[in-house]
Amino acid sequence: MVGVPAPLKTQGIVLRSLRYAEADRILHLYTPDLGRVGAIAKGVRKPRSRFGGRLEPFFHLHLLLHRGRGELMTVTGAETVAGHPALRQDAGALDAAARACDAVARLFETSEPHPQVFWLLANELGLLDREPGRAGHANALAFRLKLLVAAGIAPQLSGCASCGDAEHLIGFSGAAGGVVCAACEASGFALERDAHAFMADSLGRPLAEAPDAPERALRQAERAIIETAEHHAHVRLRPALAA
Amino acid sequence: MYPQPVERLVTELGRLPGIGSRTAQRLAFHILRASDEEAAALADSIREVKDRVGECERCFNLADRPLCPICEDPRRDDSVICVVEEPSDVLPMERTHEYRGRYHVLGGALSPIDGVDVDDLHIAELYARIAEAQSSVSEVVLATNPTTTGEATALHLAAALRERSPDVAVTRLASGLPVGADLEYADEVTLGKAFAGRRAL
């Protein structure tokens, strides 16, 4: 007799939720054990659904998933670990959370597990919930820099990524994978000292203690992050802030 | 396997939301067995709805004339506008028989990450309706869905309306427990909102 496969138990964060059919939703989940997972939640849009609002984006959950014949798993159980209610009352924090989840979805789109990415996202959502005022350019970029580290494509910041020179680091080259010196700057764009310091400090501190920087420096840091992701992961990240 | 017109009908029916290939096949055979008049009535109704139904010029609800029946009704209360995401949200509101004001259909919810921005929705038209010289609007009820994008849209509209029209009250539909549901199945965010919005009896 062929047994019914046991449901998979895992934690997960809802990255995205799409309406499907009459009352279902297709969820993009990020899990520590299974990486990115697609799942269907049946009947979840009905007011009497046993899932209630638990399967909305940004919920951190204990999940029971059933693997069927198709590509999508089916959600058969969900318990809240963190619902982030304060984040949901702040337009800036909501937007920052959506962009953080989008960055994770783009950089980590396979089922390869990256538990550190899961916990980084859980920390970011927890931070935005505790302090919605944190939502801003600096926080969003610090989060993205840490994602690049988790993806194994952290930009080189300690010396010229082209020639190794530790002095006169005045530019950034996505192709070279880091800061570049005056002699090698032709391959990149100008990166001022504030932007360089912001990137290095962000990588050296926890998210909750991420530094701030002048807007001009933040724009340069964002360009460096976007070019790094494009050159080394072939991923186009969306802007860290709404236009 | 089937004649080409039947295959085409199955394919077209299968494009409808919630209709899989088996259901599409069943519907196609139902139509084949139906009388010529019944099948023609179905085809005509689809053609008519596409030819004649558009958006209301004022509220963007469905309309087969310049204005929808609700905007044309002189008995409706002009002082309240209920803002919903889609035309399909109007009917459940009407079924409550609790609301006698006007509507404004946004055409979706804000989701910059999916490319849905302020300019993609009928938000400027809402501001214009409220700012009209002869406007008597005193309340805007934000009835976007209690989803993440619906809440984000409500927060955006509330902030913008407070700035543009400080004399207009902005309210949000209450969130809470569905009537007849058990507390033990309620999720924490919904229950928290129900608790925050409790009222004296």
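Colleague: Starting with Phe198(A), what does this residue touch, not counting residues up to four places away in sequence?
Modeller: Phe198(A) touches Ala138(A), Leu141(A), Ala142(A), Leu145(A), Pro211(A), Asp212(A), Ala213(A), Leu218(A) and Ala221(A). Keep in mind that this is a predicted model.

Colleague: Noted. Which residues touch the most other members of the largest nonpolar core?
Modeller: Phe198(A) is one of them, along with Leu121(A), Leu147(A) and Met199(A). That core has 61 residues.

Colleague: Which elements of chain A supply at least two residues each?
Modeller: Strands β1 (8–20), β6 (169–173) and β7 (178–181) do. So do helices α1 (91–107), α2 (115–130), α3 (137–150), α4 (193–204) and α5 (215–233).

Colleague: And which gives the most?
Modeller: α1(A), with eleven residues.

Colleague: Where does this core lie relative to domain 1 and domain 2 of chain A?
Modeller: Between them, because both domain 1 (8–82) and domain 2 (87–233) give residues to the core.

Colleague: How far apart are the C-alpha centres of those two domains of chain A?
Modeller: 29 Å. As for contacts, 17 residues of domain 1 of chain A meet 22 residues of domain 2.

Colleague: Let's step back. How many helices and strands are in chain A?
Modeller: Five helices and eight strands. The order along the sequence is β-β-β-β-β-α-α-α-β-β-β-α-α.

Colleague: What box do the C-alpha atoms of chain A fill?
Modeller: Roughly 70 × 45 × 30 Å, along the principal axes. Chain A has 243 residues, and 53% of them count as buried.

Colleague: What about contacts in chain A between residues at least 6 apart in sequence: how many join residues at least 24 apart?
Modeller: 56% of those contacts do.

Colleague: Back to α1(A). At what angle do α1(A) and α2(A) pack?
Modeller: About 175°, and their axes are 10 Å apart. The two helices α1(A) and α2(A) are therefore roughly antiparallel.

Colleague: Which residues make the contact?
Modeller: From α1(A), they are Ala93(A), Ala96(A), Ala97(A), Ala100(A), Cys101(A) and Val104(A). From α2(A), they are Val117(A), Leu121(A), Glu124(A), Leu125(A) and Leu128(A).

Colleague: New topic: Val179(A). Is this residue buried or exposed?
Modeller: Val179(A) is buried, with a relative accessible area of 1%. Its place is strand β7 of chain A.

Colleague: What is Val179(A) in contact with, leaving aside neighbours within four places in sequence?
Modeller: The partners of Val179(A) are Gln156(A), Leu157(A), Gly159(A), Cys160(A), Ala161(A), Leu169(A), Gly171(A), Phe172(A), Leu191(A) and His196(A).

Colleague: And how far apart in space are Val179(A) and Ser111(A)?
Modeller: 32 Å, C-alpha to C-alpha. Along the sequence, Val179(A) and Ser111(A) are 68 residues apart.

Colleague: Now the histidines. Where is His28(A)?
Modeller: His28(A) is in strand β2 (residues 24–31) of chain A. His28(A) counts as buried, at 17% relative accessibility. Beyond four places in sequence, His28(A) touches Ile13(A), Val14(A), Leu15(A), Arg16(A), Leu18(A), Arg36(A) and Val37(A).

Colleague: And what is phi of His84(A)?
Modeller: Near 55°, a positive value in a residue other than glycine. Most residues other than glycine have a negative phi. His84(A) sits in the loop between β5 (73–82) and α1 of chain A. At 5% relative accessibility, His84(A) is buried.

Colleague: Over to chain B. What is phi of His97(B)?
Modeller: Phi of His97(B) is also positive, near 55°. His97(B) is in the loop between α5 (90–95) and β4 (101–105) of chain B. His97(B) is exposed, at 70% relative accessible area.

Colleague: How is chain B divided?
Modeller: Into domain 1 (4–52) and domain 2 (73–172). The C-alpha centres of these domains of chain B are 36 Å apart.

Colleague: Last one: is Arg8(B) buried or exposed?
Modeller: Arg8(B) is exposed, with a relative accessible area of 55%. Arg8(B) belongs to helix α1 (residues 4–14) of chain B. Ala28(B) is 20 residues along the chain from Arg8(B), and their C-alpha atoms are 9.6 Å apart.

Key
Residues are numbered from 1 along each chain as its sequence is written. Chains are lettered from A and ligands numbered from 1 in the order in which they are written. This is a predicted model: local features need pLDDT of at least 70, side-chain atom pairs count only at pLDDT 80 or more; totals for chains, interfaces and linings use all residues. Side-chain values use heavy atoms; hydrogens and water are left out. A nonpolar core is a set of buried Ala, Val, Leu, Ile, Met, Phe, Trp, Tyr and Cys residues joined through side-chain atoms within 4.5 Å. Buried means under 20% relative accessible area, exposed over 50%, partly exposed in between (1.4 Å probe, protein chains only). Helices (H or I, at least four residues) and strands (E, at least two) are DSSP runs, numbered from the N terminus. Domain bounds come from an automatic or database domain assignment. Contact means heavy atoms within 4.5 Å. Axes are lines fitted to C-alpha atoms, for helices over the stretch in contact, and angles run from 0 to 180 degrees between N-to-C directions. Angles under 35 degrees count as roughly parallel, over 145 as roughly antiparallel, 65 to 115 as roughly perpendicular and the rest as oblique.
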